[in-house]
Amino acid sequence: MDTGNLGILAGIIITTGFFAMIFAIVYLHKRERMAMIERGMDPRAYKPQSAPYQNLKWGLLLVGAGVGLFLAFVLDHTMFRSISDDDVAALYFSLIAIFGGGGLFMSYRIEKKEVLDKEDARLEK
């Protein structure tokens, strides 16, 4: 198969997949609303739950990943100059994952502390 036909086939598949995805999203949303109506629930009364600590979680994840990337860069240019570039790539990925995970763990600890503080305040009243 030459590249011209392959490009046309890819365009058709991507377009068809996009419209199938949109159709599925709309269909499932309507089906969910109909199921709620059949059970006697008001679909307008149920709004998506907001995640109060979502920004904290993303912020700490990105800060942790940034610190990991910076530390990997510093280590690469100071201690690991003699190692080939292929071996240093693992250092970058591992430190980004370690510090990103550390940021998520910090987010969990902060959220847990806030929830426990709110419960303690509620019990004292």
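A: What follows goes through the helices in order and then turns to the charged side chains. This is a predicted model, in which local features need pLDDT of at least 70 and side-chain atom pairs count only at pLDDT 80 or more, while totals for chains, interfaces and linings use all residues. Residues are numbered from 1 along each chain as its sequence is written, and side-chain values use heavy atoms, with hydrogens and water left out.

Helix H1 covers residues 3-38, where helices (H or I, at least four residues) are DSSP runs numbered from the N terminus. H1 has 36 residues, and its first and last C-alpha atoms lie 52 Å apart, close to the 52 Å expected at 1.5 Å a residue; the expected span is 1.5 Å times one less than the number of residues. Phenylalanine 18 lies in this helix and, at 46% relative accessibility, counts as partly exposed, the classes being buried under 20% relative accessible area, exposed over 50% and partly exposed in between (1.4 Å probe, protein chains only). Together with Phe19, Met21, Ile22, Ile25 and Val26, Phe18 makes a nonpolar surface patch of about 590 Å². Such patches are made of residues with over 30% relative accessible area and no salt bridge, with nonpolar side chains (Val, Leu, Ile, Met, Phe, Trp, Tyr) joined within 5 Å and like charges within 9 Å, and the areas come from the Shrake-Rupley method with a 1.4 Å probe, for which only the protein chains shown count as cover for residues. Alanine 24 also has its place in H1 and is partly exposed at 33% relative accessibility; its C-alpha atom is separated by 44 Å from that of phenylalanine 73, 49 residues apart along the chain. Just after H1, glycine 40 takes a positive phi of about 85 degrees.

The buried residues of H2 are Leu60, Gly64, Ala65, Gly68, Ala72 and Asp76. Phenylalanine 99, in helix H3, touches Gly64, Ala65, Val67, Gly68 and Leu71, not counting residues up to four places away in sequence, contact meaning heavy atoms within 4.5 Å. At 29% relative accessibility, phenylalanine 99 is partly exposed, and its C-alpha atom lies 45 Å from that of methionine 34, 65 residues apart in sequence.

Turning to charge, a salt bridge is a side-chain nitrogen of Lys or Arg within 4 Å of a carboxyl oxygen of Asp or Glu, and by this rule the count comes to two. In one, arginine 44 meets aspartate 42 at 3.6 Å, N to O; arginine 44 is exposed at 67%, whereas aspartate 42 is partly exposed at 36%. In the other, the closest N and O atoms of lysine 113 and aspartate 117 are 3.6 Å apart. Because these two residues are four apart in helix H3 (residues 85-124), they are separated by about one helical turn. Lysine 113 is exposed at 53%, and aspartate 117 is partly exposed at 38%.

Glutamate 111, also found in helix H3, is buried yet has no salt bridge, and the nearest side chain of opposite charge, lysine 57, is 4.2 Å away. In this count Lys and Arg are positive and Asp and Glu negative, with His and the chain ends not counted. Glutamate 111 touches Tyr53 and Lys57, leaving aside residues up to four places away in sequence.
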